[in-house]
Structures are given as structure tokens and as C-alpha cells.
Amino acid sequence: MIIGLDVGGTHTDVILLHGRQLVREVKIATDADNLFQTLLAGLGAVIEGIDPKSIRRAVLSTTLATNLVAQQKLPDVGMVVAGGPGIDPRHFRTNPFYYTVDGAQDHRGREIQALDEYQVQSIGKDLKRHGIRYAGVVSKFSVRNTAQEEKMAALLQPYVERVFMGHLFSGNLNFPRRIATTYLNCAVYPVHKMFFEAMQKALTQKGLTVPIRILRPDGGNMNIESSVNHPAQTILSGPSASVMGAISSAPAQGSCLVLDIGGTTTDMAVLIDKDPLLEPLGIEVSPYKTLIRALLTQSIGIGGDSSVRIRDGKLTIGPDRTGRAMAYGGSAPTPTDAFHVLGRGGSGDVSRSRTGLEPVAQALGLNLEQTAELIFTSACRTILEGAGKMIEAINSKPVYTVHELWEGSRIDPKHMLVLGGPAPQFAAQLQTMFDGKVEVVPNYQVANAIGCALARTTCEVTLFADTALGRATAPSEGFRQAIPPGFTLNNARDLTDELLRKKAILRGADPEDIETEILEESQFNMIRGFQTIGKNIRVRMQLKPGLISEDD
Amino acid sequence: MLQAKKKTGLVFFPAFDWAISPTHPEREERLLYTQDQVFEEGLLDIDGIVEFKPDLVTINDVQRVHFCVPDPWAVMTESHFISAGGAKTIGMAVMDGKVERGFALVRPPGHHACRVVHGTRGFCNVNIEAIMIEYLRRAYGVERVAIVDTDCHHGDGTQDIYWHDPHTLFISMHQDGRTLYPGTGFVQEMGGPNAIGTTINIPLPPHTSDEGYLYATKEIVLPILADFKPQLIINSAGQDNHYSDPITNMNISAQGYAALTTLLQADIAVLEGGYAIEGALPYINTGIILAMAGLDYNRLREPDFDAERYRQSRDITEHIELLGEKVLKIWRQRELLAETARAKSYPDQRNRHIYYDQDGIHEQQNEMIRICDDCGGALRIESTAVRPKPILAVHIPVNACPACLDQGHQWYETADRNKFADIFLQDRTTDRYLSGAKK
């Protein structure tokens, strides 16, 4: 059997699956100040009376890292950055102990200014003096040449407990994002490590010895050992749980919108032929733009419990939530109260909903039913407008080849999957306003936890080969190899595939269930004068986010 | 957090699958390292820098500017529809107020493409700036436009298209035509009889460095722009003045380009040439983007830059100072010069030979303009190139006066069908473009 657990802002959902069959579901209140207890209680409740030996897999999506960032509870860590020519790296400061040093590499990874080793050593001493135990090092173009970061790490190592190198987190170009990503990993690390090691220990005491997996924002998961090396890759995984929970209901072909309607927000995502779309570069965890792989999701401030108000004579819904719907004992009217008044389901107290909508109706000069209808259609319209904007943004994403631009297909989803607490009510209303099919995901209240349970391991490898310099590098794998002048795109593909499979197994993937896919590839002849001096080859491959196979 | 002081739009279209030929400077690899630098610097993440996906231009957009022989499909590839479309996209974003200024970092370039197009010249097929400008004129009613061409090569195509247009100021700063393709762009080239003075050429001596280039910008270009008072300033932002460019002989640095961009305050920049793809383009383009957005570019420099080595000689400094006086004198006396030009015998006629270096085409042109005080003047061109018979092309300008409108139609209507391989009409007053069979 498989456990899936998804920590949400208000509730934590835990489910138990037997094959694809939902055998148990538990909903408990989330205690943001004591997530450890929330997780233990949730897991305890779901396996109560069940032989822990029958559990083969447990996947958790937590808000641990997200909360640390949001509540600004990240510990002090050191960041050492070598910028070189370009934008002044002081603009990318992430935290108080942020240092810039001399040293530079160019776009092909050639050193153009030697690293100032003395500077790095004095920073190490400074960090030690301040009692800082973790440090991150980043150099510009380190994904083309990891040497300067490696040197910085070696120089700092004597002074701290652990050093994180930027190139290990992503093979993508983007120096400011690499800095932010390294910082977050470094700063999340101590709490993350302590939390999950303690969690695994506590579960073992309960007889649950199966290794825990942690959900990532790209809809995949990894084991605890990998997560300790990439702790920030657990950030904002919640929306991806829902997307994974909708996949099995999605049409095999064509594009499809996924809406997870919660209490406060609606998270939106897009599936194409059952595959979720990814963020081009990485997730944004305000105020940080990162290189952390993530599904493309968008959140808007409309949910079942959004506060309904009259402002300047006009109806407004959200973006905040003041508590539960009045039907369930809350103090302010909400869209949930609207569908109660309309008799469209919900098990709350309709009379309380009517009382709540009364002042709104008076201010608008409408009767109660008209008011409820207006609230509900406005909420749905806002959701559809948000979805429209998201689709528009996807369609206007720039492309860089004639072929892609000329052949470029626009997506125009005619299918919508809805999950989350008020899914049936919203879906019924959306169906009247959306030009296409609207469907409620089975087990819509816990589909997120099911998605979490069934998510596959994911990862990505970028390979960069320069036959003129005679080397192939996969920076995030710490891989570097000499290559012959005749190295081809095919060789590069094979090499990337091999590295990706190796990485997948380390991350905890089932070796029998590995599906690799090319995300991007290109090959350029490098010509100097009228001579071809070599090839510049780039390959980016991933393990596609998806669900584990049926017999797993 | 970095925040652009001027909201800046960017169309980046490197056409990674298009080349003139495998080893040609205008090949797939050209903007590869620029892309790497732009991505690694995180320029597209900066608040206030917005990337747009290029739209394609339409056939109508092309015909508004060019007479394509025999038709637009024959002289354009998909890539040209996109690079011109990229310029148009940026132009629209600026006019719509989505951004304050914009940069179309696109290829292939366009400033050697003239009004009549038989093939490829100087890596260009269609003039992407002109296609953008004339679209903006049509769609937004823009009138006065200035183009400052800072490519190392004379922008002879743009000069040709605006030769008779008094509402478009064309300024080209380039390496002296006696030492570089296309061999034109001398001070005496100052526009046709209806537009004397609105074509300005600043031929700079080889080995001019940042100092001379910025002097020419400050002392020659900016005063003329201030006099002309354009509604829009377009920079044809070629990058081949760089000291490491393989096909030119100038000594400008990335800092020089960024400073130039700051001085010009162009509303729209469009990439033209520039073939030092590894050592120059990544840094120049980063500099231009930072400068347009009003961000600090002080720390930007090429790995091999050596200010001492690229300092210009005193001779060059003096030469440029004299050149400046000459150019400004012409500008101030443009009305008098117009009278003199019109007093010549046959001021309305121009016979020219145009060479298409890429395709080896020799074009012979006879041009006739209606001398006019009220508009740009109706224009009649006979052009012979590949085929034995000439083509006839008639252009009626935007806001043509009734007399020029009549003249244009008369040229078109009464042309001897048997004499010409094709007959074209470009009627800007109705945005109507006819070709081939007469009615």
C-alpha cells in the first residue's frame, strides 16, 4: 500500500492507496508552528490498525521550506559570489553575509580573471568568527566551467560545516537565479535535514520503515538522502500534488486546464497530452526567482472561503479569507455561502448563509438569490479570466528558431478538471461559462494527496559539449569528460541519457520505470574565419513528471 | 532588486536555424553567445525589462516599403518575415505604451535593402527598420521620424528608401566608404531635391575609437536631432564598429556602445550587423540593453579590452572635428542647398547602378521624382536587373499632394505594358499595392 500526504495551509490530507484504490482518507488541521506533529499525527492516523509492513511507499508534500522563507525564519548563512564583467553582483544580494570576490569566466567557460583566493580565505575566517556554519558559492558561467566554484568551496570548507556549489542545482544559465537558488538550499538545509531525519526515526519507531520520499514542485519526488543535498527542491510542492492528482483524469490528447479550488486560492495548471507544463526556468518564491524546477502553476486569490465584501458600492471577492464560510460557523459571507443559498449543495447551515448575504444583498439592491448568483458567477468569472491570462502567457512565450515560430501551435484548452473542496459546485457553474468540457476529478477532496502518492521520481540533466575545447560537462552532476573532435549530437544524447538514468536511480527511481525525454537540444558549428573549429552542442533531458506504473 | 528606470521591451530572435550559407558571418551561431550572456546576466528577469514574441510581418507591410521583384515570396525567407516582424512588434509595444523603449535583437539584418529589391545585398533582403517605421506611420499616424544608423557600414538601403522623404531624418555614422563596403555614404549625399538635408552622412576614418564616436554623436548627431524634433528616434544598432570585428576596421568598445545608447535616447533600437560573435556581441548587447533600461553598465567590459591599445590618434580626432563642422554647415544651409539643387538641369532624374554582392546581380536604375513643395513627390523608377526587360515602379508618398497623386496614377496607368516585365504601384495614400497585370 502507498501513503500520500499533502500539507496545506489549513488542512493536511493523508490517504492510503491499495493499488489505485483509495482505502482510507484523513483530514487533519495543519499546525504551521509544529509541522512535525502534524505530519506524525496524519501518518499515525492513516496507518492506524494497518500492518506497517504492508506500506511500500510514502510520499510527503510539506510546507516546511516554504514556511521558512515566507516567515523569514531562514538562518544566517554565507554567500560568496564571483561575478566578473556584467551587472554588478552586489545587486543580487540575498542575505547579510553576502560577499563578492574577484574572479571571472566567460560564456564558453574560459577563465578570464583568476579567482582571488586570499579574499575567499578571509571571508572564511569572517564567517567562522560570526559562527556561520553553512556557505554557498556561485560564479558566473559556472555551468560552463565548475572550476572556480570548486576552488571557492575548497577554500571555505575548513571554516564551515558545509559548502553548497551553485552549479550542482541546475544546468541552466542565469547567474542571479543561481545565487538565489544556492542561498535557499544553503539556508533551508539545517532545518530540513534535522526535520526529516527526525521524522524518519519517529516513523521507524512506529514500525514504518519504508524510506520516505518528498514531493518536489515539478511533480516528482526524491528520497531523503537526495533531498538533503537539494533541500530547497521541496519548496512550494503543494500545487504540483494537485496537478499530479488530476493527471489520470486528463484526456490522452490535447490541452487541459487543471483548477484546484481551495479555501483561499485557486491554483491553475495546464496539461498537454496528460503531461504537465513546466516553468521555463524555475519557481519564484517571493522575493526570490530561482532555478528550482517546477510545474507551471498560477495562483489567484479566489476560493470557496474568499471574503465577500461591498467596496464603494461594488461587489468584491477575495483575495483574502477571514475564516470558514458562515454556513460552517464563520463570520463573513463567502462563495460557499452563495451556493448554499442557491441550494446547490453543501452541508452547512443555510440560514446562517442567508443571514450573511443579507447586508450584501441590501447594498446591491438585489434579492438574496440574485446576490448569491452574482457572487458565484463573479467568482467563476475571475477564475476563468485568470486561466485566460495564464494561457495567453503560455502562448506568447518567445521561441528562438524559425521552425518553432513558423510551426508554433497555440494551446486553447477545451477541457477543464476541477478538484478541491468546493469542486462540484464550482464545476457546475463553470460549465455554464466555459466553452468546453468541465469535469470533477474523482476523490476531488483528497486528489492532491493521491497525486502525491503516485508521483514518479523526476530529475533533469543538462550536458554541454564544446568539441573545440574538447570537453563535455554536465555541471549539476559534477561530470566532466574529454571528448574527441568527432563527438556528435547523437553521442551527446547517449551520454546525457546515461547520466540521467544514473541520477534517477540515486534519487530513488524504479530502474524498471524510467522514461527519459529530450527537453531541448541544439548543435552549432563554430566557425572562426572560414574554418569550422568545432561543434557547440547542448542537450537537456528530463525524467518526465508522471504517475508510477500500475503494478508498482 | 534591480529595477529598470525606463521600461524596456525586447524581442530576441536569434534564428538559430537560419544562415545565408554555412560559413557566412550571417549564420546560426551569430547570436548564440549573446543569448548565453543575456540569459546568464538574468537580464530578462529584471523588473521593467519585458520580452515579446515577434509577430510576422504581412505581405502588405513589405509592399508598403519595397518593390520586390518579381514578388515578395521570391526575395524573402521565413526568417525575414520574423526579423522584420520582431522590429514591428517592438515598434507597436512602444507606440501602445506597453514599454517606454525597445530593442529588436533580431537577425537577419536589413539596412542595405533598397526600395527596389532583386535579391540579397550586404546580407540584407528587406529593410526591417523601414518596414517597421512605415507600419507605425500607417497604424499610429506617426509623422516625423529620425533614424540613426550606427552600423559600421553605410546604411545605403535605408538612405535609398528615405532619399526623397523630408519627414524622415536619416543619419548614418559609418566607416569611410573609401575603405569599406558598400563604398557610399559621403557627406555630399544629402537627399533628393524634395528632401535636401534630411539625409546626413558621417563617414568616420578607420580606427576611430570611443572618443571619436561619442564626439560625433554629441557634437553632430544630437544637435541635428534637436533641430529636427522627431516624434520617434530609431537606432539601426549595428555592432560591427567593435575593435574585434573581423570585417571592419574601427575601435569601438562595449562601453562605447552603451554610452552611445545613453546619449541617443532612441525609442527603438534594431540590431543590424556585428560579426565578432564571441568577443564583442555578448558584451555590446548586454550594454545596449542595460543602457536602454537606464541601468548601470559600469562593470561591463570585454575580457581582452585594453583602452591604451584602442586609443585613437590625434589625426583622427582632428579629422572628426573638421568633419563635424562640414556636416553641420550643410545641415544649417539645407534650404539654400535645396534651391541650388533644384536649379540644376534635370534635378528630378537619377541614374544608378546597384550591385547585389550576395547574388551577383547588377541593377540599373533610372529614377524620376516630381519636384514638389507640398509633399515627398511622386516617384517613378525603371529598373533592369536579371531579366532583359525592365520593371516599372511607381511610388505615391504618404500625404501626397493632389498633383503628385495624379502624376503617380498617370505614370502607372499609361505605362506601356509590353515594355516592362512587371509594373508596380505603391499608393501610400490608400495603402494599396498593385503589381503585374494592369486592370
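This is a predicted model: local features need pLDDT of at least 70, side-chain atom pairs count only at pLDDT 80 or more; totals for chains, interfaces and linings use all residues.
## Questions on chains A and B

Student: Which residue in strand 16 of chain B is the bridge partner of D427(B)?

Tutor: Strands here are DSSP runs of E with at least two residues, helices are runs of H or I with at least four, and both are numbered from the N terminus. Two strands count as paired if DSSP finds at least two bridges between them, and strand 15 (residues 422-427) and strand 16 (residues 432-435) of chain B have four, in the antiparallel sense. For D427(B), the partner in strand 16 of chain B is R432(B).

Student: Over in chain A, how many of the residues of strand 23 are buried?

Tutor: "Buried" means 20 or more other C-beta atoms within 10 Å of a residue's own, "exposed" means 12 or fewer, and "partly exposed" is in between, with C-beta atoms placed from the backbone. In a regular strand the side chains alternate between the two faces of the sheet. Strand 23 of chain A is covered on both, with E460(A), T462(A), F464(A) and D466(A) on one side and V461(A), L463(A) and A465(A) on the other. For strand 23 (residues 460-466) of chain A, the count is seven of seven.

Student: Which residue in the turn between strand 23 and strand 24 of chain A has a positive phi?

Tutor: These two strands form a hairpin with four residues between them. The turn residue with a positive phi, about 70 degrees, is G470(A).

Student: Is helix 8 of chain B largely enclosed or open, and how many of its residues are buried?

Tutor: The buried residues of helix 8 (residues 254-264) of chain B include Y257(B), L260(B) and L264(B). They pack against strand 6 (145-149), helix 7 (210-228), strand 9 (232-237) and helix 9 (281-292) of chain B. Helix 8 of chain B is largely enclosed by the rest of the structure, because the buried count is nine of the 11.

Student: Which residue with a positive phi follows helix 8 of chain B?

Tutor: Helix 4 (residues 78-95) of chain B is followed by a positive phi too, near 75 degrees at G97(B). After helix 8 of chain B, the residue is Q265(B), with phi near 50 degrees.

Student: How many residues does chain A give to the contact with chain B?

Tutor: Two residues are in contact if their C-beta atoms, placed from the backbone, lie within 7 Å. Strand 26 of chain A gives the largest share of its chain's side, five residues. That side divides into 17 nonpolar, 10 polar and six charged (Ala, Val, Leu, Ile, Met, Phe, Trp, Tyr, Cys and Pro are nonpolar, Asp, Glu, Lys and Arg charged, the others, Gly among them, polar). Chain B contributes 36 residues, and chain A contributes 33.

Student: How far apart in space are E335(B) and I196(B), C-alpha to C-alpha?

Tutor: E335(B) sits in helix 11 (residues 334-343) of chain B and is exposed, with 10 other C-beta atoms within 10 Å. In sequence, E335(B) and I196(B) are 139 residues apart, but in space the separation is 7.5 Å.

How values were computed:
Residues are numbered from 1 along each chain as its sequence is written. Chains are lettered from A and ligands numbered from 1 in the order in which they are written. The expected span of a helix is 1.5 Å times one less than its number of residues.
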